Amino acid sequence: MLTLGRLANWQLSQWVAAEILRGENRTARLARLEKFIDIMDCCVKLNNFQSAMSILAAFNSTPIYRLQSLWDNISEPHREIVTRVRETMSAEKNMSNYRSVFKSLASPKIPFLGTYDGTAFHGTFYATNTD
């Protein structure tokens, strides 16, 4: 079932990938890639994991992932950001890294809604009545 949230994620990922590929040469594409890495980092710092995951999905899309010459030339700080976000958002162990980070953060925070596909209404992330 295609939900509005999934559609918005897909559109954001497609837009990010298209914007990176719109660079007229390797230098322009590298600058665009690093700009989106910065934006992804800002999303994480603002506790917006939904947008961060959409940008990460764009990086993992075939057209962007295969641009090895770009990935080989990103700066070390940008490489560290991508590595950190990939580790945080890893699907391993039912996204346990993400879940523990998300749980430890103060509000406001925007969750990655993909985790709710299999755990909707699971008490982990929803407020419970404690009265």
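Contact here means heavy atoms within 4.5 Å. The structure is a predicted model, in which local features need pLDDT of at least 70 and side-chain atom pairs count only at pLDDT 80 or more, while totals for chains, interfaces and linings use all residues. Residues are numbered from 1 along each chain as its sequence is written, and side-chain values use heavy atoms, with hydrogens and water left out.

The protein chain has eight helices and zero strands, where helices (H or I, at least four residues) and strands (E, at least two) are DSSP runs numbered from the N terminus. Of its 131 residues, 37% count as buried, a term that stands for under 20% relative accessible area, with exposed meaning over 50% and partly exposed lying in between (1.4 Å probe, protein chains only). Among the contacts in the protein chain with a separation of 6 or more, 59% come from residues 24 or more positions apart.

V16 belongs to helix 1, which covers residues 4-21, and V16 counts as buried because its relative accessibility is 0%. Although V16 and L56 are 40 residues apart in sequence, their C-alpha atoms are 9.5 Å apart in space.

| Residue | In contact with (heavy atoms within 4.5 Å) |
|---|---|
| V16 | F36, I55, A58 and F59 |
| F59 | V16, I20, L33, F36, I37, M40, I64, Y65, W71 and R86 |

F59 is also one of the residues with the most contacts inside the largest nonpolar core, which has 29 residues; such a core is a set of buried Ala, Val, Leu, Ile, Met, Phe, Trp, Tyr and Cys residues joined through side-chain atoms within 4.5 Å. At least two residues of this core are supplied by each of helix 1, helix 2 (26-45), helix 3 (49-60), helix 5 (68-73), helix 6 (76-88) and helix 7 (92-104).

Helix 3 is largely enclosed by the rest of the structure, because nine of its 12 residues are buried; the buried residues include I55, L56, A58 and F59. The end C-alpha atoms of helix 3 are 16 Å apart, which agrees with the 16 Å that its 12 residues should span at 1.5 Å a residue, the expected span being 1.5 Å times one less than the number of residues.

Notes:
Lists of a residue's contacts leave out its neighbours within four places in sequence.
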